[in-house]
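Opened a new page for this one.

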Amino acid sequence: MEKQDSIFQLYADVKGCQKCPLYKLAKNPVPGDGSVNSQIMFIGEGPGEKEDELGLPFVGAAGKLLDAMLESIDLKREDVYIANVVKHRPPGNRDPKPEEVEACWPYLLEQIKIIKPKLIVCLGRHSLGRFLPQVGPISQVHGRAFTYRNQAYMALYHPAVGLYNGGMRETLFKDFKKIQVALKKIPN
Ligand code: URA
């Protein structure tokens, strides 16, 4: 099956998913968005209110900042692929529970298998903690690249950090610039 067909099949599966209770209160599933041919896959935490409304990842305030950071390294969101650790909105934007993350995990693994990104960018501690729990807290490893089991990763603060702490924006943009550097170092 073509990549695009495989990803649409996955979206259909996520739409019908009842593996955890999050679907019950969500308005829409938010499986992911962007180019299936992207070399970079961004992985956030979970949909917020706006994402839940529109069924698309990172379309609220944090998404606007993500768009600005992408633009700062000459990328548009259509050029990259964006997904989340959980595909339905945790009510009131609470943290996803471990069992919800666990239930949703196979979808993310399948997405990675379909897209085969050169670089997975973990946005925030939930995403980083799920992929690379051994590297330490995001406050210590943000902006750094890692290779684990033949897959390259980059640890970045979640864009929302720049919304509630304006002083962090500079760090966010500085870290973001390292994406292109990391990408160039990854062998084909
Ligand atoms: N925060 C996330 O982690 N993901 C989104 O899609 C939106 C906000």
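My entries on the ligand and the cysteines follow.

**Ground rules.** I'm working from a predicted model, where local features need pLDDT of at least 70, side-chain atom pairs count only at pLDDT 80 or more, and totals for chains, interfaces and linings use all residues. Residues are numbered from 1 along each chain as its sequence is written, and side-chain values use heavy atoms, with hydrogens and water left out.

**Ligand shell.** I listed what surrounds the ligand (a heavy atom within 4 Å): Gly44, Glu45, Gly46, Glu51, Pro57, Phe58, Asn84 and His158.

**Polar contacts.** I looked for pairs of N or O atoms within 3.5 Å. A backbone N or O atom of glutamate 45 is 2.7 Å from a ligand oxygen. A polar backbone atom of phenylalanine 58 also faces an oxygen atom of the ligand, at 2.9 Å. For asparagine 84, I found a polar side-chain atom 2.8 Å from a ligand nitrogen. I then checked cover: on its own the ligand has 230 Å² of accessible area, and the protein covers 91% of that (Shrake-Rupley, 1.4 Å probe).

**Cysteines.** How many disulfides does the structure hold? I got 0, taking a disulfide as two cysteine sulfur atoms within 2.5 Å. Cysteine 17 is buried at 12% relative accessibility, and cysteine 104 is buried at 9%.

Definitions and conventions
Polar contact = N/O pair within 3.5 Å; in protein donor to acceptor, adjacent residues only side chain to side chain. Buried < 20%, exposed > 50% of the residue type's maximum accessible area, 1.4 Å probe, protein only.
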